[in-house]
Amino acid sequence: MSHDPWNPKLTRRTVLKGAAMAAAWQLAPRGLSRAFAAEPVKIGFDDTLTGTYAANGKNTLIGCQLAVDQINASGGILGQPAQLLVEDSTSGDAGTAVQKARKLIDRDRVSFLIGNVNSALSLAIGQVSNEKGILHVVPGGHTDAVTGANCHWNVFRVCNTTQMEAAAVSAELIKAGKRWYYITPDYAYGHTLQDGLEKEAQKLGGIKAGADLAPLGTADYSSYLIKAQAANPDVIVFLTQGADMVNALKQAVQFGLEKRFHLAGAQQELEALEGLPPEARVGTWVFEWYWKQPNVPHLDEFVGLIRKKTGKVPTARTWQGFASVWSCALAARSAKSLDGVKMAKAMEGMKLPPEVGLMPDPPFYRPGDHQLMPTLYVGRAQAQGSEPEDLFKVTRFLKGTDIAAPVEQTGCRLSWPHT
Amino acid sequence: MTQLVLFNAFNGLVVGAFYALMALGLSLILNLSGVINFAHGGFLAIAAYLAYSLIPRVGFWGGLVIAPLLTAVLGLVVERLLIRRLYGRDPLYSLLLTFGLAYVFEDATRFLWGAQTLPYPVPPSLTTPVSATFFFLTGYRVFMVLLVAVVVTALFFVLARTRLGIRIRAGTQDLETVSVLGINVRVLRNLNFGLGVYLAGLAGVLAAGMLGLEPTIGSSLIMPSFVAIIVGGLGSLPGTLLGGLLIGVASGVTTVFFPSASEAVIYVMMAAVLLVRPHGLLGTAGRTA
Amino acid sequence: MSWLERHAPAIILPALLVTMPWWMAAAGGYTELASRIVILGLAAMALNFLLGFTGVLSFGHAAYFGLGGYGAAMTLRYLVPSSAVAILVGVVAGTVAAAIIGALIVKLRGVYFAMVTIAFGQVFYFVAFRWNRVTGGDDGLTGWSRLPLRARPLTLDIQRNDLAFYFFVLALFGLSVAAMGLLLRSPFGRTLLAIRENERRARFLGIPVERHVWLSFVISALFASLAGALFALLNNFIDPRALRWDQSGNFVIMAVLGGMRSFWGPLLGAGIFVVLQDFISTRTQNWMSFVGAFFVVIVLFFPRGVLGFLRRRVAV
């Protein structure tokens, strides 16, 4: 073989040798080196660790890992150690998410599946877990269908539905005025959230001043903001999420719109507020969980533990991961079995204990649709509170049970396998 | 309604200027070296992150000046070590290599700075609108347009009047003859790549002021850049500039009537242009790659 | 080269494919991964029919792949509970679309052609995204699954039996590949090669270049849409991202990775792409660096792709 003229030392042969070694390392099945003591109970994590939702997925993972540590410190699951198997579903590729779900279930034999941040991927993975009868907890995929039209007996969800978020924030927004202008991300979550808000607004006498659907991943919101301004509303409602939220708010504040209109929206997250410059941390929002709540037992410990692990405070995503994994362990302990159906039945109506719930009232899974009934936090974003990471001022706590639509209205019909 | 359309068209020019800046860098590299630089967005992101890290020490303006230069140096290194070996081969290989490079860049930024969106500070002097009616013209956007105008003018000046520029233009037309004339083509390509990456870096630092700074900031901007180049016509830098502006305006005006199509419209526009003028608006017939 | 060298891939590869579920599982994989490789390999080979053998780059093949997927998914969801009909609808949808679009764009060349194919792909993406009452929009189309194949009195349970599905996919793959291979060996195929090598000369020889390019485009899209339909059946799910340009980009990457100038190269490329991503992403969150570095290394050290390297000095 001829010498590579540019780089005599690094020939193809060397590369091949290196590749062969790397391949041998790759092909070794996972866990080969671990000493086999007790057969662990495996929990599969199939969530977004790269791409647009990477930050959310990583925070969810941190919560999951803490939960696993705590579970093992308290006797494991049915006497066996719990093990978290982590897979990256990527932020948008459903094929990969489904493939990883199958890998976790078929090859790695997990007893539980956790995932996803992305609504579409949650639905796709939910079909796989349902097909295989594996207990599946969705920590952060918000589309209503997960516990609505596409609900399954084995799927439970921790985060809120759009209906709950809409109901939570409307009463606060109407105080700012009747005319609302919506800037909505153009996908199912955005549509249902806008529909929900419009319905709630109507009940309270609100009017739709206008609405625009923005493609996901829109970088420049100036056109939308120009239109919003022209409609002269009282409130501009931003339903965008993640990077879209950061872009939209950043630009809105640069245009000085927060001085002329009330800026608000439904769901807001600490990840987004942290990404905004301080002057853009404005508006009225709903949080699904917040790290600074007075009089909630065990919360400070949890915050302390996460701070020690990562140097930052936990976000709602962290808690969602934490609660999801703990829910699995609790379901197994309650059912005294790892059988999917038994655990699912045990999880219906299950209340999260204070160390896990970390909310003013204990959240529980509603039997009819497997949706968690938590507390919702309505409040205002702030540039900086008592601490540099205190970016949200909670003004109202709302109970999920008070504002969630009844099961009949969600479109969920659970059908259990014949046992 | 007309005011809305006008405002949006005007704003579209502002946004288009930004697209043009990024597309110009890409176009330079494509024209001279035949390299499809899929890592352009990655360079953009790296420059933005470098600026973010530098700002505490050198301030916003220091970041704006230094970060693109550092990124251009990275571009020079990348060209020397990696891209150089691809000349003369099918441009698809440069596509695959830069695609791989884009993966590495995205992962590196996520690894070094975290997946979390970072708050990029913009000096207050720039964040106020210039007038109440034209509220969407913030000082920052005006500054951006001016900067792009200056840079584009400087670029065209360099290409028209300086030795380097003339050589680049000559090389775009006939690299073999240029080499026969005794000009060091290797250095020429190297500097050209660096220049293209510099423009990407500048676009990145500007973008960070308007958008959230996170590892995928470059990947959403790369397709519109390619579209701008195609609409304007391959081989024509004025075409790329025009293409960028047209995309911005088309997207802005579409938002008035059919906002959810504001992203798809640039592709429709591109297809329409190509069906009528197969070489783009200002492209030279005969150039297809 | 000798008969053996020339036909080695045609002997070894089918043998490997037929036994893949077993050696794949032993190496730490799983049957579904094997199915995925074969399906994406089919898509990459379909693209390469156009790219490697006709010399025309399409960057929008995901449009036909996705149309195949949506055709199949929507059939199973709304129309007929039959996997076979679903696949047929998917293939027809993708092929007809390609026939129409191809006719419009066949006069373009080079990067322009490639970009315009992206444009159409993005339009389909947009439609799939917006028409969410029918397509499920961004959430994707769920609530259906592939159904067992029934041809009385036999039943092939491709729904629950992963192995059965794999061999079903492999069978269709085999038929497609055989068809493509025969076409490439025929005078038609030789004409395509001539066009690839020197289009102007082909034109001077009186060959109707546009018509050949159009046919190649349509054939390539036909097999791509078949791959798309199978992809939907594999996941029991389809979403607009299957139509997007980055999916197209993946197919191009696979073809180049495996070797554009060889028939089986893209299959190898698909295999490497899928397996690499799957294995490495299990082991580290920083898998993108490794995969990216891998691509860079391949381009620098294996100029004709992996299969090209394995073939060493011999041109196909």
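In the predicted model, 16 residues of domain 1 of chain A are in contact with 17 residues of domain 2 of chain A, two residues being in contact if their C-beta atoms, placed from the backbone, lie within 7 Å. On the side of domain 1 of chain A that touches domain 2 of chain A, the residues divide into 6 nonpolar, 7 polar and 3 charged; Ala, Val, Leu, Ile, Met, Phe, Trp, Tyr, Cys and Pro count as nonpolar, Asp, Glu, Lys and Arg as charged, and the others, Gly among them, as polar. Domain 1 of chain A comprises 41-160 + 295-373 and domain 2 comprises 163-287 + 378-403, with bounds that come from an automatic or database domain assignment. The centres of the two domains of chain A, taken over C-alpha atoms, are separated by 27 Å.

Residues are numbered from 1 along each chain as its sequence is written, and chains are lettered from A and ligands numbered from 1 in the order in which they are written. Local features need pLDDT of at least 70 and side-chain atom pairs count only at pLDDT 80 or more, whereas totals for chains, interfaces and linings use all residues.

Chain A contains an open sheet of 7 strands with mixed pairing, in the order β7-β6-β8-β9-β10-β13-β14. Helices (H or I, at least four residues) and strands (E, at least two) are DSSP runs, numbered from the N terminus, and two strands pair if DSSP finds at least two bridges between them. β7 (207-214) and β14 (392-399) of chain A stand at the edges with a single partner strand each, so one side of each lacks a neighbour in the sheet. From one strand to the next, the twist averages 25 degrees.

Within this sheet, β8 (residues 235-238) and β9 (residues 262-267) of chain A pair in the parallel sense over 4 bridges, and A:I236 has A:L263 in β9(A) as its bridge partner. The pairing of β9(A) with β10(A) is also parallel, over 2 bridges, with A:A264 opposite A:T284 in β10(A). Because 5 of its 6 residues are buried, β9(A) is largely enclosed by the rest of the structure. A residue is buried if 20 or more other C-beta atoms lie within 10 Å of its own, exposed if 12 or fewer, and partly exposed in between, with C-beta atoms placed from the backbone.

Helix α6 (residues 188-203) of chain A lies across β6, β7, β8 and β9 of chain A and runs at about 165 degrees to β6(A). Axes are lines fitted to C-alpha atoms, for helices over the stretch in contact, and angles run from 0 to 180 degrees between N-to-C directions. The 16 residues of α6(A), at 1.5 Å a residue, should span 22 Å, which agrees with the 23 Å between its end C-alpha atoms; the expected span is 1.5 Å times one less than the number of residues. Buried residues of α6(A) include A:Y189, A:H191, A:L193, A:L197 and A:E200. Just after α6(A), A:G205 takes a positive phi of about 90 degrees.

Between chains, 36 residues of chain B are in contact with 35 residues of chain A. α1(B) gives the largest share of the side of chain B that touches chain A, 5 residues, and that side divides into 18 nonpolar, 14 polar and 4 charged residues. Further, 34 residues of chain C are in contact with 33 residues of chain B. Here α5(C) gives the most to the side of chain C that touches chain B, with 12 residues.
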